[in-house]
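Open your viewer and get ready to click through a protein one stop at a time. At each stop you will find what to select and what is there.

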Amino acid sequence: MSSILEMRHLRLVRAIAEEGGVTRAAARLHLTQSAVSHQLTELEGRLGVLLFTRVRRQLKLTPAGVHLLEAARTMLNDLARVERELQHAGTRKRETFRIVVECFTAYHWLPSVLAALAIEYPYVDVRIALTATREPVAALLRGELELAVVSSPVRDRALVVQKLFSDEWTIIVAPDHPLASRPYINAVELAREKVLTHEAPRADVERFRELMANERASVPRSASVPLTEALVELVKAKQGVGLVSRWAVAPQLARGEVVARRFTRKGLPETWSAVYRHDAATRFPLAHFAELLRALRP
């Protein structure tokens, strides 16, 4: 079934109402007076209702006409806005938006964020700056990326810090590993294992060593594995246990590939934040990107 109302009808009603008559409306629409009169009569016939009445040589809106005029103005304004946005998107220079996650190569969340971001910012191309994984804050300050997702404290006044969500460092083991049956893993138990880690920030390393010392446990043998996916595969093969952020391995935990256990009864809480330069926020949708990521909190 075809629609009775067309865009030309909306423009017609708006022009007649705003110009107060057929003659001036015809000039505005670049039509003849008879064409405007014919279109109005045709429209009222299709709708089965009068839209205008003549009062002292002027056409005045009926209640039905007032209702249609309000709708016409809304729809025509919305259409004009969409046209401007599309034209702007088509001519705007594409921007490369570089991001990184501190320590981890964990980007399972990225497709969902990109899909939502592309709706409003189709001109932005997001790239992962893997070389900045170890020192993302320094890379931000050098202008080598636009946004970093970090768990380390950031206090530089040149940077904006948006809290995303709370998380914790956790021990991951193979599902059939003896430690998988434990409700949590203490420092003495961990000291007996080979621990697979990423290149953690200095503050996290010091925090870990202090905790082990407080529990009078020796620092375990360790090996650095730069790729999160590789670390998980080694844990699955019982080549060690992993010390990682729970969020970084959320997909593997959901699939049951590995099991996460809290480290010590109290655990090791941490907070993830999105960090970016104040001056970059005028060029990129950094705050919006952070909000999209926060919405995907684990």
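Start by selecting Lys-236 and Glu-233: being three residues apart in helix 9 (residues 228–236), they are separated by about one helical turn. (Helices, H or I with at least four residues, and strands, E with at least two, are DSSP runs numbered from the N terminus.) An α-helix has 3.6 residues a turn, so residues three or four places apart point the same way. Show the side chains, and you will find Lys-236 and Glu-233 meeting in a salt bridge (3.3 Å, N to O). The term salt bridge stands for a side-chain nitrogen of Lys or Arg within 4 Å of a carboxyl oxygen of Asp or Glu. Lys-236 is partly exposed, with a relative accessible area of 32%, and Glu-233 is partly exposed too, at 44%. For these words, buried is under 20% relative accessible area, exposed is over 50%, and partly exposed is in between (1.4 Å probe, protein chains only).

A word on what you are viewing: this is a predicted model, where local features need pLDDT of at least 70 and side-chain atom pairs count only at pLDDT 80 or more, while totals for chains, interfaces and linings use all residues. Residues are numbered from 1 along each chain as its sequence is written, and side-chain values use heavy atoms, leaving out hydrogens and water.

Next, go to helix 11 and select Glu-291 and Arg-294, which lie three residues apart, about one turn of the helix. Their side chains meet in a salt bridge, 2.4 Å from N to O. Glu-291 is partly exposed at 39%, whereas Arg-294 counts as buried at 17%.

Now select Arg-98. Which residue forms a salt bridge with Arg-98? The partner is Glu-146, and the closest N and O atoms are 2.7 Å apart. This pair links distant parts of the chain: Arg-98 is in strand 3, while Glu-146 is in the loop between helix 6 (136–141) and strand 5 (147–150), 48 residues away. Glu-146 is buried, with a relative accessible area of 7%; Arg-98 is partly exposed at 28%.

For a group, select Glu-6, Arg-8, Glu-42 and Arg-46, which are linked in a network of salt bridges. A search of the whole structure finds 17 salt bridges.

**Helix 5**

Select residues 110–120, which make up helix 5, and colour its buried residues: Leu-110, Val-113 and Leu-117. Seen down the helix axis, these fall within an arc of 65 degrees, so they line one face of helix 5. (The arc is that of the directions from the helix axis to the C-beta atoms.) Turn to the other side of helix 5, where Pro-111 and Ile-119 are exposed.

**The far ends of a line**

Select Ala-35 in helix 3 (residues 33–47). Ala-35 is partly exposed, with a relative accessible area of 23%. Draw a line from its C-alpha atom to that of Lys-266, 231 residues apart along the chain, and the separation is 80 Å.
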